[in-house]
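Reader: I would like to learn how to read a few features of a structure, one at a time. Where do we start?

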Amino acid sequence: MRIRIVDAFTDRPFAGNPAGVLLLDAFPEDDWLQKVAREVNHAETAFAHPLPAGGEADWALRWFTPVTEVALCGHATLATAHVLYATGAHSGAARFATRSGVLVAAPADDGAITLDFPTAPLTEVELPAGAAEALGAEPRTAFDTGPDVGDLVLELADEKTVRALAPDHKALAACSARGVIATARAEDPGRGYDFVSRCFFPNVGIDEDPVTGSAHTALAPYWSERLGRSALTGLQASPRSGLVRTEVRGERTLLTGHAVTVIDGELHA
């Protein structure tokens, strides 16, 4: 069967966040899905198959890290939509049935794809014991992102502090269910982004994720409230880096980005 590696939230190869994408006739056993994701060894591998016409969704979609299935993934959804449009397997808005409900992807004329995701609920919490030491910086605020995202959002003093982080990933794993999102306001919004972030997910086998769509369902409402605008652009300042355009619409958040196929081959297993 065909397997593709797609770099998401970027318009050039070898940047953004790579995801494996497989279009199937149906989902095989979970053990096989997990083995493929472990073999691909990217943050996520997406598996999708078409659903009967006339239902609430067009495709069933699941996401696996190298060690576990996850409830929500933005970059692998973007990568899957990119493959559907690039191969002609789907045209127009694509509706995905997932563990987080029906998610919609819509293409634009310039090649960008917009995802319609649930907005993460933000609840201010006390900083977990040892979090500052594990992260290597003292956060200004700490927010829980709810069960679907499962992260802890920590605002740091400035962009330089976010970029310089070198956390203790093993210690950081005790701070939240999935991971920790470190963020700060952009030092210079004239450079094309409004806020920066880095995302650490040791609990699902990913020390640092290159560009995390699901994290932006929490970052978008967080920074929209503070900056007074519903439409913003976030830069995830990982070594690969990537941009996510966001727009908060109440209980839904739109995430827009490009994607590039870098590998297109066959899976012999």
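Author: Start with how helices are assigned. A helix here is a DSSP run of H or I at least four residues long, and helices are numbered from the N terminus. This is a predicted model.

Reader: Is H82 buried or exposed?

Author: Buried means under 20% relative accessible area. H82 has 16% relative accessibility, so H82 counts as buried.

Reader: What does H82 touch, leaving out residues up to four places away in sequence?

Author: A contact means heavy atoms within 4.5 Å. By that cut-off H82 touches V6, I113, A259, V260 and T261. With T261 there is also a polar contact between the two side chains, at 3.0 Å.

Reader: How should I think about other residues on a helix like this?

Author: An α-helix has 3.6 residues a turn, so residues three or four places apart point the same way. Now take L78, which lies in helix α2, residues 74-87. L78 is buried, because its relative accessible area is 0%.

Reader: Which residues is L78 in contact with, beyond its neighbours within four places in sequence?

Author: The contacts of L78 are A8, F9, I113, L115, G257, H258 and A259. For a sense of distance along the chain and in space, L78 and P239 are 161 residues apart in sequence, and their C-alpha atoms are 20 Å apart.

Reader: And H75, which residues does it touch?

Author: H75 is also in helix α2. At 1% relative accessibility H75 is counted as buried. Setting aside residues up to four places away in sequence, H75 touches A8, F9, N17, P18, A19, A43, E44, V211 and G213.

Reader: Which polar contact joins the side chain of H75 to another side chain?

Author: The partner is N17, and the contact is 3.2 Å. The H75 side chain also has a polar atom 3.3 Å from the backbone oxygen of P18.

Reader: Next, pockets. How is empty space found?

Author: Rolling a probe the size of a water molecule over the atoms shows where empty space is left. In this model the largest pocket holds about 230 Å³ of space.

Reader: Which residues line the largest pocket?

Author: The lining is F9, T10, D11, R12, L235, S241, G242, L243, R245, T256, G257 and H258. Two strands, β16 (242-249) and β17 (252-257), each supply at least two of the lining residues. β16 gives the largest share, three residues. By class, the lining has three nonpolar, six polar and three charged residues. F9, G257 and H258 also turn up among the contacts of L78.

Reader: Where is F14 found?

Author: F14 is in the loop between β1 (2-8) and β2 (17-23). F14 also is not a glycine and has a positive phi, of about 70°. Exposed means over 50% relative accessible area, and F14, at 68%, therefore counts as exposed.

Reader: Last, aromatic rings. How many aromatic pairs does the structure hold?

Author: There are five aromatic pairs. One of them is F195 with W223, stacked at 6.2 Å centre to centre with 15° between the planes. The pair links distant parts of the chain, since F195 is in strand β13 (residues 195-201) and W223 in helix α7 (residues 216-227), 28 residues apart.

Reader: Are F195 and W223 buried or exposed?

Author: F195 is buried, at 0% relative accessibility. W223 is buried too, at 0%. F143, F195, Y222 and W223 form one aromatic cluster.

Reader: How many residues of α7 are buried?

Author: Nine of its 12 residues are buried, and α7 is mostly covered. Among them are H216, L219, P221, Y222 and W223. Just after α7, G228 takes a positive phi of about 75°.

Methods:
Residues numbered from 1 in each chain as written. Predicted model: local features only at pLDDT ≥ 70, side-chain atom pairs only at ≥ 80, totals over all residues. Heavy atoms only, no water. Buried < 20%, exposed > 50% of the residue type's maximum accessible area, 1.4 Å probe, protein only. 1 Å grid on protein atoms, 1.4 Å probe; cavity = no way out; pocket = protein on both sides within 12 Å on 5 of 7 lines; lining within 4 Å. Points joined across faces, edges and corners; volume = space filled by probe spheres on them. Nonpolar A, V, L, I, M, F, W, Y, C, P; charged D, E, K, R; others polar. Polar contact = N/O pair within 3.5 Å; in protein donor to acceptor, adjacent residues only side chain to side chain. Phe/Tyr/Trp six-rings, centres within 6.5 Å; stacked < 30°, edge-to-face > 60°.
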